[in-house]
Amino acid sequence: MKTTLKIFLLLSFFLTNSLLSTADIPYLTGRVTDNAEILSEAARRSLAEILKEHENRTSNQIAVLTVPTIGGESIEEYAADVFEAWKLGQQGRDNGILIVVVPNDRRMRIEVGYGLEATLTDALAGRIIQFAMTPRFRNGDYDGGITDGVRAVIEVLEGGELADLESKTGASEESAGSDFDMPDLPVTERILLGAFIFGIIGLFTVIGVLTPGAGWFLYFFLIPFWAMFPIIVVGTGGALTCLITYIIAFPVAKLLLKNTDWYEKAKKDLRTKGSASIGGFRLSSGGSGGSWSSGSSGFSAGGGSSGGGGASGSW
């Protein structure tokens with residue numbers, strides 16, 4: 001009896017957990033089902049009319065669904081489940097398309113029926129998401145993002161081209177006053193990466209400024225680091241700004257410190273004694289360069305490298 005009860009409780013736990021982890025499939029209430037309530041009434045009416053006209057012309061069935069969240073379920077599995085439940089498209093032609101937007105999870109997907117896969121390929125669907133929808137969503141413009149996405153899908157299905165999609169997106173971002181092409185990272189990750197990256201290259205920059213003689217080697221050595229590493233945090237535009245600031249500020253700071261008493265003393269000590277104390281660190285000149293130490297602990301660059309990156313369907 002106890003064994004049976006344990007098995008029953010265990011099965012109940014797994015069944016409940018499975019049910020809770022699967023997002024509900026909403027009822028098909030129309031061509032636009034805005035359960036997340038992110039669309040204005042005017043946008044819902046306009047989208048429904050656009051989709052109806054396209055269906056009358058081609059028989060293709062396109063539906064838009066917004067839900068607040070899908071929990072831990074993947075957007076791919078959820079969209080496939082909804083598509084199967086709603087049975088979009090004509091029987092035998094499989095000419096249905098589902099556009100899913102999940103605002104709280106910041107995810108979206110364009111699910112394409114078998115009969116339209118040759119026309120609306122994965123690559124074209126990806127371009128529509130990247131260039132037509134994502135920029136609008138990042139600005140909180142769900143009306144514009146979904147409408148632009150729907151129009152782009154219809155344009156492809158009706159034989160149009162998306163050659164100028166990227167240029168249109170670039171123009172709209174410039175008009176919005178965006179100077180940096182920011183990386184697709186959450187703010188918290190960007191802050192942590194920024195503290196790590198700028199902490200390391202910033203420390204070496206300060207050492208270069210404070211070090212007589214050998215500091216100029218660090219100046220040129222750090223240029224590629226200031227050019228590339230900030231891209232991860234602030235994008236290419238921000239990295240260019242950091243690089244220009246570094247190239248100008250480093251020599252200016254070094255020239256301003258050149259005539260100070262402690263700088264002259266450190267320079268003299270290096271020349272006469274072979275070592276000098278600067279900012280709590282002891283600099284020793286030996287061979288072609290120097291080494292830094294503080295107390296009994298050593299500090300040296302390990303020559304490490306950083307690589308990797310990726311893209312997702314979020315905004």
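## Report on the predicted chain

At 26% relative accessibility, Ser74 counts as partly exposed, a class lying between buried (under 20% relative accessible area) and exposed (over 50%), computed with a 1.4 Å probe on protein chains only. The model is predicted, so that local features need pLDDT of at least 70 and side-chain atom pairs count only at pLDDT 80 or more, while totals for chains, interfaces and linings use all residues. Residues are numbered from 1 along each chain as its sequence is written, and side-chain values use heavy atoms, with hydrogens and water left out.

Ser74 is located in the loop between E2 and helix H3 (75–86). Its C-alpha atom is separated by 9.4 Å from that of Arg107, 33 residues apart along the chain. Tyr27 is exposed, with a relative accessible area of 74%. Not counting residues up to four places away in sequence, Tyr27 touches Thr33 and Trp86, where contact means heavy atoms within 4.5 Å. The C-alpha atoms of Tyr27 and Val82, 55 residues apart along the chain, are separated by 9.3 Å.

**Overall composition**

The chain contains 10 helices and eight strands; helices (H or I, at least four residues) and strands (E, at least two) are DSSP runs, numbered from the N terminus. Of its 315 residues, 35% count as buried. Among contacts with a separation of 6 or more, 64% join residues 24 or more positions apart.

**Nonpolar core**

The largest nonpolar core has 33 residues, of which Ile97, Ile110, Ile128 and Met133 touch the most other members. Such a core is a set of buried Ala, Val, Leu, Ile, Met, Phe, Trp, Tyr and Cys residues joined through side-chain atoms within 4.5 Å. At least two residues of this core come from each of helix H2 (41–58), strand E2 (61–66), strand E3 (96–102), strand E4 (107–112), helix H4 (122–138) and helix H5 (142–157). H5 supplies the largest share, eight residues. Leaving aside neighbours within four places in sequence, Ile97 is in contact with residues including Ile62, Phe83, Leu88, Ile110, Val153 and Leu157.

**Packing against helix H9**

Two helices, H7 and H8, are described here by their contact with H9. Axes are lines fitted to C-alpha atoms, for helices over the stretch in contact, and angles run from 0 to 180 degrees between N-to-C directions.

| Helix pair | Axes come within | Crossing angle |
|---|---|---|
| H7 (residues 187–210) and H9 (residues 231–258) | 11 Å | roughly 20 degrees |
| H8 (residues 215–228) and H9 | 7 Å | roughly 165 degrees |

H7 passes H9 in a right-handed crossing, and the crossing of H8 and H9 is left-handed. A crossing is left-handed if the near helix is turned anticlockwise from the far one by less than a right angle, and right-handed if clockwise.

On the H8 side, the residues that meet H9 include Trp216, Tyr219, Leu222 and Trp226, and those of H9 include Ile231, Leu243, Ile247 and Pro251. By class, this contact of H8 with H9 has 17 nonpolar, one polar and one charged residues. Ala, Val, Leu, Ile, Met, Phe, Trp, Tyr, Cys and Pro count as nonpolar, Asp, Glu, Lys and Arg as charged, and the others, Gly among them, as polar.
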